[in-house]
Amino acid sequence: MKLSQFKFKLPEEQIALYPPHKIFENEDGTVERVYQRDRCKLMVVHRKSEKIDLFQKDANGNDTDEGLTFRNVVDYFQEGDTFLFNDTAVFPARLFGTKEKTDAKIEVFLLRELNKELRLWDVLVEPARKIRIGNKLFFDGDGPMVAEVIDNTTSRGRTLRFLYDCPHDEFKRELFALGSAPVPRYIIDRREPEDDDTVNFQTVFARHEGAVTAPSTGLHFSREMMKIMEIRGFQNAFLTLHCSLGAFDTIEVEDLTKHKMNSEQMIVDKECCNVVNQAKRAGNKVCVVGVSTARAAESAVGTDGMLKEYDGWTNKFIFPPYEFGLADALMANFYHPESTMMMLTAAFGGYDLIIEAYNKALENDFMFGCYGDCMLILDD
């Protein structure tokens with residue numbers, strides 16, 4: 001496949017800057033948003049029959065005028081079906097500091113901790129041209145958090161040593177208290193980060209800290225939705241893939257076979273395997289929630305179609321044509337043009353059908369991005 005086959009024009013107004021919400025105006029004129037993460041639009045794609053559902057059905061199976069919402073997902077599954085989630089937790093990776101002497105404002109995006117004892121972190125800085133080895137950055141005004149640049153790793157990448165003498169747990173607490181939710185650049189370029197993003201940009205089942213961007217399809221699941229699924233008799237399984245910024249990297253080659261993904265740490269434990277494999281053996285559906293979960297699952301599935309324990313890294317890049325080994329269904333958001341996430345979606349649903357689905361999404365005002373609407377792809 002070629003990169004240009006995933007190019008389309010995404011209108012500015014269809015990039016979701018917030019999760020689904022209702023707006024209320026208070027008596028004092030201030031505006032308040034009430035978020036409803038499980039009330040986004042839903043599109044259901046049937047990859048064998050090549051049908052695309054946008055509307056709810058009546059008792060006779062005919063379309064009504066009422067559009068599908070995310071809560072309708074449960075209507076497409078039966079007791080015993082299993083949902084596979086990514087339970088990684090994002091940390092507040094975006095910080096703002098000032099450069100010594102000049103007081104220039106510098107954005108520091110934490111990627112990963114390199115050494116606990118030495119307080120070394122791999123970071124991205126913006127504007128990078130102003131930051132050189134030996135520079136010191138001050139956070140929280142004249143507070144105690146100071147970092148020194150000790151290495152250049154890429155054009156925007158730096159290694160920082162935080163000069164903060166205290167127990168490691170206290171250091172991490174103080175560092176993260178200075179940060180904000182790492183919502184994607186395409187949102188930050190259009191609005192300021194807000195306190196609500198700390199909750200909105202985290203799944204309700206997040207358990208293992210390590211991601212610098214959220215597994216976005218999982219953001220649609222509310223606690224109420226999870227309870228409804230439990231009552232319906234669905235099973236949940238959780239693996240961990242710490243999402244990096246690699247999925248947002250610009251693909252610079254036309255031939256997709258030449259693109260290399262960044263490696264991401266992942267863990268599939270015994271409990272996860274037991275739940276998923278029991279569903280497979282019983283003939284129940286396994287629905288993989290999100291493209292990060294799909295990449296992890298495909299990195300750990302065996303030739304027998306069963307999930308295997310895994311503790312390591314993956315740089316698996318999935319694009320059409322590709323034969324999936326585990327999933328019977330896939331849930332995904334609507335992604336930006338020429339993105340690796342869109343490519344994986346097309347690999348599961350079939351290129352032509354997913355392009356048709358994207359065209360329908362554009363025509364019907366679906367919202368794109370991590371806070372946007374959702375697609376469910378079924379193998380029927």
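**Entry 1: helix H5 and the sheet**

I looked up helix H5 (residues 270–281) in this predicted model. I found that H5 lies across S7, S16, strand S17 (264–268) and strand S18 (286–289). Relative to S16, H5 runs at about 135°.

I then traced the sheet itself. Nine strands form an open sheet, and I noted the order as S4-S3-S21-S20-S18-S7-S16-S17-S19, with mixed pairing. Strand S4 (51–53) and strand S19 (310–314) are the edge strands, each pairing on one side only. Neighbouring strands of this sheet are turned by 20° against each other on average, with direction ignored.

I examined the pair S7 and S16 in particular. Strand S7 (residues 82–86) and strand S16 (residues 235–241) run parallel and are joined by five bridges. For Phe 85, I recorded Phe 238 as the bridge partner in S16.

**Entry 2: helix H4**

I asked which residues of helix H4 (residues 223–231) are buried. They are Met 225, Met 226 and Met 229. These residues cover an arc of only 100° around the axis, and therefore they are on the same side of H4. The buried residues of H4 pack against S7 and S16. On the other side of H4, I found Arg 223, Glu 230 and Ile 231 exposed. Just after H4, I noted that Gly 233 takes a positive phi of about 90°.

**Entry 3: Thr 88**

I located Thr 88 in strand S8 (residues 88–90). Leaving aside neighbours within four places in sequence, I listed the contacts of Thr 88, among them Gln 202, Thr 203, His 208, Pro 215, Thr 240, Leu 241, His 242 and Cys 243.

**Entry 4: nonpolar cores**

I turned to the largest nonpolar core, which has 72 residues. Within this core, Met 43, Leu 84, Phe 201 and Tyr 358 touch the most other members. Helix H7 (residues 340–349) gives the most to this core, with seven residues. A second, separate core has 27 residues, including Phe 91, Ile 106, Val 149 and Cys 166.

I followed up Tyr 358 by listing its contacts beyond four places in sequence. Tyr 358 is in contact with Phe 8, Asn 333, Phe 334, Tyr 335, Met 342, Phe 368 and Met 375.

Methods: Residues numbered from 1 in each chain as written. Predicted model: local features only at pLDDT ≥ 70, side-chain atom pairs only at ≥ 80, totals over all residues. Heavy atoms only, no water. Helix = DSSP H or I, 4+ residues; strand = E, 2+ residues; numbered from the N terminus. Contact = heavy atoms within 4.5 Å. Pairing = 2+ DSSP bridges. Axes fitted to C-alpha atoms, helices over the stretch in contact; angles between N-to-C directions. Core = buried A, V, L, I, M, F, W, Y, C linked by side-chain atoms within 4.5 Å. Buried < 20%, exposed > 50% of the residue type's maximum accessible area, 1.4 Å probe, protein only. Arc of directions from axis to C-beta.
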